[in-house]
Amino acid sequence: MKANERKRRLKTVNGLVTNVKKHREHEFPEMDKTARIALLMLSKAYLQFLPSLTELPTFSEIWLETLSILDLCNSCSSDELSEAVPEALKNMILVMATQGILHPGWTDSKSINLWNVTWQRARTTSTNISPGNYNCQKEEERVRRT
């Protein structure tokens, strides 16, 4: 999958979620369910292609855009999304932490501290999401001591 195609797909999901936010339930009663399905597809596709994505120079941009879409979904007043967003984020973080992608000191080529950005944005999604839940706490403490 080419970088342009990935960006286009992320924009499509982002557009769908933005429409959910703009339109009331009485206008499109099933739109929040459609957005939940799109969110789950985004999460599953992200995880399925994670090994390939991490090799791309634009991986950090893809991760930050994914977090933005999750933030947008989380800001929708929807029961469907209020459960799906934290679950999707937890799954992505768990896999990234397990594979060693998400670790203290993780930065991109622009020196953006992706470790900090990830946890700051995760906490706005759910107060139950923290490094201690993903075996990242010990590594974070080790890095702080050095």
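Which residues in α4 meet which residues in α6? On the α4 side they are Ser60, Trp63, Leu64, Leu67, Ser68, Asp71 and Asn74, and on the α6 side Leu114, Val117, Thr118, Arg121, Thr124 and Thr125. The model is a predicted one. Its protein chain has 7 helices and 0 strands, and 40% of its 146 residues are buried.

**Overall fold**

- Along the sequence, the protein chain reads α-α-α-α-α-α-α.
- Of the contacts in the protein chain between residues at least 6 apart in sequence, 65% join residues at least 24 apart.

**Helices α4 and α6**

- The axes of α4 and α6 come within 10 Å and cross at roughly 15°.
- The two helices, α4 and α6, are therefore roughly parallel to each other, the cut-off for that class being an angle under 35 degrees.
- The crossing in which α4 passes α6 is left-handed.
- By class, 5 residues of the contact of α4 with α6 are nonpolar, 6 are polar and 2 are charged.

**The salt bridge**

- The whole structure was searched for salt bridges, and 1 was found.
- Its partners are the side chains of aspartate 71 and arginine 121, with an N to O distance of 2.6 Å.
- Aspartate 71 belongs to helix α4 (residues 59-75) and arginine 121 to helix α6 (residues 114-125), so the pair ties together parts that lie 50 residues apart in sequence.
- In general, side chains of opposite charge can pair when their charged atoms come close.
- Aspartate 71 has a relative accessible area of 25% and is partly exposed.
- Both Asp71 and Arg121 are also listed among the residues through which α4 and α6 meet.

**Helices α2 and α4**

- Helix α2 (residues 31-48) and α4 have axes that come within 11 Å and cross at roughly 155°.
- That angle makes α2 roughly antiparallel to α4, a class that takes angles over 145 degrees.
- Here α2 passes α4 in a left-handed crossing.
- From α2, the contact involves Leu39, Leu42 and Tyr46.
- From α4, the contact involves Phe59, Ile62, Trp63, Thr66, Ile69, Leu70 and Cys73.
- The residues of the contact of α2 with α4 comprise 9 nonpolar, 1 polar and no charged.
- Trp63 of α4 takes part in the contact with α2 and is also among the residues that meet α6.

**Phenylalanine 59**

- Phenylalanine 59 lies in helix α4.
- With a relative accessible area of 7%, phenylalanine 59 is buried, the limit for that class being under 20%.
- Leaving aside neighbours within four places in sequence, phenylalanine 59 is in contact with Tyr46, Leu50, Leu53, Thr54, Met96, Ile101 and Trp106.
- One of these partners, Tyr46, is a residue of α2 in the contact of that helix with α4.
- Phenylalanine 59 and aspartate 108 are 49 residues apart in sequence, and their C-alpha atoms are 8.7 Å apart in space.

**Serine 111**

- Serine 111 sits in the loop between α5 (79-98) and α6.
- The phi of serine 111 is positive, at about 65°, although the residue is not a glycine.
- Serine 111 is exposed, and its relative accessible area is 61%.

How values were computed. Residues are numbered from 1 along each chain as its sequence is written. This is a predicted model: local features need pLDDT of at least 70, side-chain atom pairs count only at pLDDT 80 or more; totals for chains, interfaces and linings use all residues. Side-chain values use heavy atoms; hydrogens and water are left out. A salt bridge is a side-chain nitrogen of Lys or Arg within 4 Å of a carboxyl oxygen of Asp or Glu. Helices (H or I, at least four residues) and strands (E, at least two) are DSSP runs, numbered from the N terminus. Buried means under 20% relative accessible area, exposed over 50%, partly exposed in between (1.4 Å probe, protein chains only). Axes are lines fitted to C-alpha atoms, for helices over the stretch in contact, and angles run from 0 to 180 degrees between N-to-C directions. Angles under 35 degrees count as roughly parallel, over 145 as roughly antiparallel, 65 to 115 as roughly perpendicular and the rest as oblique. A crossing is left-handed if the near helix is turned anticlockwise from the far one by less than a right angle, and right-handed if clockwise. Contact means heavy atoms within 4.5 Å. Ala, Val, Leu, Ile, Met, Phe, Trp, Tyr, Cys and Pro count as nonpolar, Asp, Glu, Lys and Arg as charged, and the others, Gly among them, as polar.
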